[in-house]
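Dear colleague,

I am handing over to you the structure shown below, together with an account of what was found in it. Please read the account with the structure open beside it.

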Amino acid sequence: MAPQQQQQQEMPPQEAIRRYNEIMQESPKLVQKITELEMDRNEHKLVEETLQPLDPSRRAYRLVGEVLVERTVEEVLPSVASNRKNLEESIATLRGHLEKMQGEASELKTKYNLQTEASG
C-alpha cells in the first residue's frame, strides 16, 4: 500500500489542478443536493408531527408516484417515519463526503500552493 499512497501524494501539478477544479465544481452540486434532502426531511417531519395526534383509524392520503392512495394514519405514519430516517442517513453520508472533498481540496491547495481567483 505504501507505493499507492506515495503515488497519490506525488501527483503532477497539472493533475493536482485538475483534481482541485473537479472538486470545486462538484462541491456546490453536493451542497444543493444536501439542501434538497434537508427540505424533504423537514417536510416528512412536519407530516409525521401532524399525523401523530390523530386517530390511527382516520383516513389519510399518500402520494405514491403520481397516484394518490387512501390509507389509514396507522398505515401511513410508519412509512413516513422510515422515509425521514432514510433521508437523515443520506444527508449524513453526503455531508461526510462533502467534508472529505473539502479537506482534499484544502490539502491540494496547500501542498501545491494553488492560487484561486478572487471573485468580485
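**Overall form**

Among the 120 residues of the protein, 22% count as buried, where buried means under 20% relative accessible area, exposed over 50% and partly exposed in between (1.4 Å probe, protein chains only). Please note that this is a predicted model, in which local features need pLDDT of at least 70 and side-chain atom pairs count only at pLDDT 80 or more, while totals for chains, interfaces and linings use all residues. Residues are numbered from 1 along each chain as its sequence is written, and side-chain values use heavy atoms, with hydrogens and water left out.

The protein has three helices and two strands, arranged along the sequence as α-α-β-β-α. Its radius of gyration (taken over C-alpha atoms) is 22 Å, well over the 14 Å that the globule rule (2.2 Å times the number of residues to the power 0.38) gives for 120 residues, so the protein is more spread out than a compact globule. Helices (H or I, at least four residues) and strands (E, at least two) are DSSP runs, numbered from the N terminus. Along the principal axes, the C-alpha atoms fill a box of roughly 65 × 45 × 25 Å.

**Helix α3**

Helix α3 covers residues 73–111, and its 39 residues should span 57 Å at 1.5 Å a residue; the end C-alpha atoms are 56 Å apart, which agrees. The expected span is 1.5 Å times one less than the number of residues. Buried residues of α3 include Val73, Val76, Val80, Leu87, Ile91 and Leu98. The buried residues of this helix pack against α2 (13–51), β1 (59–64) and β2 (67–72).

After α3 comes Asn113, which has a positive phi of about 50° although it is not a glycine. Asn113 is exposed, with a relative accessible area of 56%.

**The largest pocket**

The lining divides into seven nonpolar, two polar and three charged residues; Ala, Val, Leu, Ile, Met, Phe, Trp, Tyr, Cys and Pro count as nonpolar, Asp, Glu, Lys and Arg as charged, and the others, Gly among them, as polar.

Yours sincerely

Terms used:
Contact means heavy atoms within 4.5 Å.
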